[in-house]
Every structure is written in structure tokens, then in C-alpha cells.
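I opened the notebook to look up a few things in this structure. The entries follow in the order in which I checked them.

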Amino acid sequence: GLDSIQYERLEVPTGDVYDMIDATSAGANKANKIYIANKHTDATKYVDIYIASLNIGRLYAGDWAFFPLEAAAATQDVGVEAIGAAQVVEFALIHEGKTLVAS
């Protein structure tokens with residue numbers, strides 16, 4: 001049932017949490033999966049991952065994560081915060097019939 005994908009590669013500036021995925025109620029009870037990779041090369045730099053303002057983990061240079069994403073409410077956005085320097089991050093939202101919001 002995972003028939004759609006949203007992919008981006010972006011440079012995340014330091015200072016604020018950058019919202020990568022704008023959650024909507026259309027994602028509720030779907031088989032959403034998310035992939036996030038920190039493409040930076042300096043092992044002392046990292047990004048923190050947030051869902052709904054809750055820090056769920058940290059990715060150092062070269063690290064990646066793959067996890068399910070409920071996205072049941074518009075408040076469950078997924079974001080990253082670059083720590084130490086601006087960093088290039090790749091992410092993909094693999095989803096089941098979710099309506100994507102234009103940026």
C-alpha cells in the first residue's frame with residue numbers, strides 16, 4: 001500500500017528547527033515511513049530530529065534513520081535542527097495515499 005513518495009535534499013541552517021514534513025490528518029492510520037540521512041562529512045556535527053516538538057533522536061554525519069510515522073494530527077510535523085553548522089539532509093516520506101501539502 002506504500003504507493004507514493006516525497007523526496008528532498010536540503011541544506012538545514014543552524015538556529016531553528018526546520019520543518020521537513022507538514023503532517024496532516026490525511027496521514028492518520030496509514031503505513032507512512034520516513035527515511036532521514038545526515039550527509040555532512042564532519043563527525044562532530046549533527047542534526048536533532050523532532051516530531052511534534054519532541055526530540056526523538058540525533059543523526060551525526062553519515063548517520064541515517066528509517067522509522068514509521070503516524071502523522072495523525074496536523075501538529076505532528078517532522079523537523080530537524082542543525083547543530084554546529086549548516087548541514088545537508090536527505091529525507092524521503094514513503095506513504096500510502098497521503099495528500100501532500102505544496103511548499
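**Salt bridges**

I began with aspartate 42, which is partly exposed at a relative accessible area of 29%. I used these classes: buried is under 20% relative accessible area, exposed is over 50%, and partly exposed is in between, with a 1.4 Å probe and protein chains only. The model is predicted, so I noted its limits: local features need pLDDT of at least 70, side-chain atom pairs count only at pLDDT 80 or more, and totals for chains, interfaces and linings use all residues. Residues are numbered from 1 along each chain as its sequence is written, and side-chain values use heavy atoms, with hydrogens and water left out.

Which residue does aspartate 42 form a salt bridge with? I found lysine 45, with the closest N and O atoms 3.3 Å apart. My criterion was a side-chain nitrogen of Lys or Arg within 4 Å of a carboxyl oxygen of Asp or Glu. Lysine 45 counts as buried, at 18% relative accessibility.

Next I took aspartate 48 and arginine 58. Their side chains meet in a salt bridge at 2.9 Å, N to O. Aspartate 48 sits in strand β4 and arginine 58 in strand β5, so this pair ties together parts 10 residues apart in sequence. I took strands (E, at least two residues) and helices (H or I, at least four) as DSSP runs, numbered from the N terminus. Is aspartate 48 buried or exposed? I read 6% relative accessibility, which counts as buried. Arginine 58 is partly exposed, with a relative accessible area of 40%.

Then I turned to glutamate 90. This residue forms a salt bridge with lysine 39, and the closest N and O atoms are 4.0 Å apart. The pair links distant parts of the chain: glutamate 90 is in strand β8 (residues 87-95), lysine 39 is in the loop between β3 and β4, and they are 51 residues apart. Glutamate 90 counts as buried at 11% relative accessibility. Lysine 39 is partly exposed at 37%. I also noted a network of salt bridges that links Arg9, Lys39 and Glu90. My count of salt bridges came to four.

**Aromatic pairs**

How many aromatic pairs does the structure hold? I counted two. Rings of Phe, Tyr and Trp (its six-membered ring) pair if their centres lie within 6.5 Å; planes under 30 degrees apart are stacked, over 60 edge-to-face, and the rest tilted.

Tyrosine 35 and tryptophan 64 form a tilted pair, 6.3 Å centre to centre, with 35 degrees between the planes. Tyrosine 35 lies in strand β3 (residues 33-38) and tryptophan 64 in strand β6 (residues 64-68), so the pair ties together parts 29 residues apart in sequence. I checked the exposure of both partners. Tyrosine 35 is partly exposed at 24% relative accessibility. Tryptophan 64 is exposed, with a relative accessible area of 55%.

Tyrosine 46 and tyrosine 60 form a tilted pair, 5.1 Å centre to centre, with 55 degrees between the planes. This pair also links distant parts of the chain: tyrosine 46 is in strand β4 (residues 46-51), tyrosine 60 is in strand β5 (residues 54-60), and they are 14 residues apart. Tyrosine 46 counts as buried at 16% relative accessibility, and tyrosine 60 as partly exposed at 34%.

**Strands and sheet**

I counted zero helices and eight strands in the protein. Which strands form the open sheet, and in what order? I read β2-β7-β4-β5, four strands with antiparallel pairing. Two strands pair if DSSP finds at least two bridges between them. The edge strands are β2 (18-21) and β5, each pairing on one side only. β2 and strand β7 (residues 78-83) pair in the antiparallel sense over three bridges.

**Whole protein**

Buried residues make up 39% of the 103 residues. I then looked at contacts, meaning heavy atoms within 4.5 Å. Among those between residues at least 6 apart in sequence, 81% join residues at least 24 apart. The accessible surface comes to about 5500 Å², and 51% of this belongs to carbon and sulfur atoms. I took the areas from the Shrake-Rupley method with a 1.4 Å probe; for residues, only the protein chains shown count as cover.
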